[in-house]
Amino acid sequence: MENAEIIAAIATAPGRAGIGVVRVSGPDLKTLAVQLTGKNPPVARQAQLTRFLDAGGEGIDEGLLIYFAAPASFTGEDVLELQAHGGDAVLRLLLGRCLELGARIAQPGEFTQRAYFNHKLDLAQAEAVADLICAESAAAVRGAARSLAGVFSCKVTTLVQRLIDLRLHVEGSIDFTEEGVAFLEQVNPQRSIIGMLATLDALMDSAVQGVLMRSGRQVVLIGAPNVGKSSLLNALAEEDRALVTDIPGTTRDVIQSTILIQGIPFHIVDTAGIRDTADTIEQAGIRRTWAAVEHADLALIITDVVSGLTGEDRILMTKLPADLPRQIVCNKIDLLDGAAVPWEGGVGVSAKTGAGLEALKQLLLELAGWQNQDEPAFLARERHVDALREARQHLQRALDLTASIELLAEELRLAQNALGRITGEFSSDDLLGEIFSRFCIGK
Ligand SMILES: Nc1nc2c(ncn2[C@@H]2O[C@H](COP(=O)(O)OP(=O)(O)OP(=O)(O)O)[C@@H](O)[C@H]2O)c(=O)[nH]1
Ligand SMILES: [Mg+2]
């Protein structure tokens, strides 16, 4: 990629720290390094202890400068990493000096975008960079690191290669109609497509797990007032997030807390208890409850052993979106003194004593579709699963069209395009803009 502009950004998080890093990328950064340090040009990949100088030659700070010469750098361009003391003011001065020397501030994700344009990373790997930074559990870190190392991309490109091989034969047989049939018989397209479909299915299973690990599930707690929804949220989150009182109608606003169960993020949403009420504030809260239900992947209908599963609860369940998975949870089992939960199909818990919470967490994993494995092979995004699904549809159609060579060729082409969108081989500028704009600055 020909890119004349030098970009610079503070790459470390704001606040105070032992060390902070300003990162610079662009053409011919040796000159900038000389001007910044007043020393000889840096040697590539050698940490150089140096003073960083302002325009008047006065020292801003002393730190390490590391120079990476193009193309052997993260972005594929010349890169400078300036390691200074980690304070906001000192890093801003250092960044300001780089701007005076010809750099401009980098956009979010622009370093990684340049790495992508310079073929240092494909699109799925570039996304894995952002996912690694955002990872909240050890398993998510490992999954993102595997995607970054190319585990997912490699599986996709292997499949694309198999598609290309088949397309060569199929399209060849169109071009040379005489020998076409014999040419095509050599590869047995049907068997080849069936094989690819099996690989695609396995890949899709892993990707779905990878998406679950990355994004988790939104779980709404819903039910009558006073059954202990807020208490349950607090017990699951292991902190006092939501206000709890014995007055029905305590919760008015939607409160969310994210918990990790085996590394999977569950975004638990506490809501206002549902009942007929004349209180306008409570009514507003109940409207928010229904809005939260719209965004949920899963509903926990909370009841308690005092009132049991009431007629109101049953009516409430009929109002949930028909395709929303749900589970009835019976709270306050501590009041049962060891007796069984008074109806079938409900999980018994006590937000007060913590009884049943482990079983509830296991059930949440099950309902989320988590397959009992240590961790997913790699982290993935919804758009990857969509692309895999689309490729699958085209391959499935191709399978039914093996008698009609032109249509078969077209479906194979479309399947390849869909897969190519994962690694960025065929990606629109809009998609690239959308992906990189979500990065943090300096990455
Ligand atoms: N014994 C017992 N009491 C509980 C338990 N969970 C909650 N409570 C009590 O039930 C009352 C209501 O709890 P909340 O968590 O505020 O109930 P809620 O469902 O959020 O109520 P609203 O916000 O009004 O809809 C409080 O007095 C809690 O201390 C439990 O597991 N056992
Ligand atoms: Mg509440």
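This is a short chat about the ligand sites in a predicted model.

Visitor: Which protein atoms are donors of the magnesium ion, ligand 2?
Guide: Ser230 through OG and Thr251 through OG1, at 1.9 to 2.0 Å from the ion.

Visitor: Where do Ser230 and Thr251 sit in the chain?
Guide: Ser230 belongs to helix H9, residues 229-237. Thr251 is in the loop between H9 and strand S8, which spans 255-261. The two are 21 residues apart, so the pair links distant parts of the chain.

Visitor: Is that Ser230 buried or exposed?
Guide: Ser230 counts as buried because its relative accessibility is 8%, under the 20% cut-off.

Visitor: And Thr251, buried or exposed?
Guide: Thr251 is buried too, with a relative accessible area of 10%.

Visitor: Changing topic. Which residues come nearest to ligand 1?
Guide: Lys229, Ser231, Gly249, Thr251 and Asp334, out of 23 residues around ligand 1. Thr251 is also one of the magnesium donors.

Visitor: Which element gives the largest share of that shell?
Guide: Helix H9, with three residues.

Visitor: What polar contacts does ligand 1 have with Asp334?
Guide: A polar side-chain atom of Asp334 is 2.8 Å from a nitrogen atom of ligand 1.

Visitor: What about the backbone of Thr250?
Guide: A polar backbone atom of Thr250 lies 2.8 Å from an oxygen atom of ligand 1. For Thr245, a polar backbone atom is 3.3 Å from an oxygen atom of the ligand.

Visitor: How much of ligand 1 does the protein cover?
Guide: 87% of the 650 Å² of accessible area that ligand 1 has on its own.

Visitor: Which pocket is that?
Guide: Ligand 1 takes up the second largest pocket.

Technical notes
Residues numbered from 1 in each chain as written. Chains lettered and ligands numbered in written order. Predicted model: local features only at pLDDT ≥ 70, side-chain atom pairs only at ≥ 80, totals over all residues. Heavy atoms only, no water. Donors = N, O, S within 2.8 Å, 3.2 Å for Na, K, Ca; no water. Helix = DSSP H or I, 4+ residues; strand = E, 2+ residues; numbered from the N terminus. Buried < 20%, exposed > 50% of the residue type's maximum accessible area, 1.4 Å probe, protein only. Near = heavy atom within 4 Å. Polar contact = N/O pair within 3.5 Å; in protein donor to acceptor, adjacent residues only side chain to side chain. Areas by Shrake-Rupley, 256 points an atom, 1.4 Å probe, with all protein chains shown as cover. 1 Å grid on protein atoms, 1.4 Å probe; cavity = no way out; pocket = protein on both sides within 12 Å on 5 of 7 lines; lining within 4 Å. Sits in = over half its atoms within 2 Å of the grid points.
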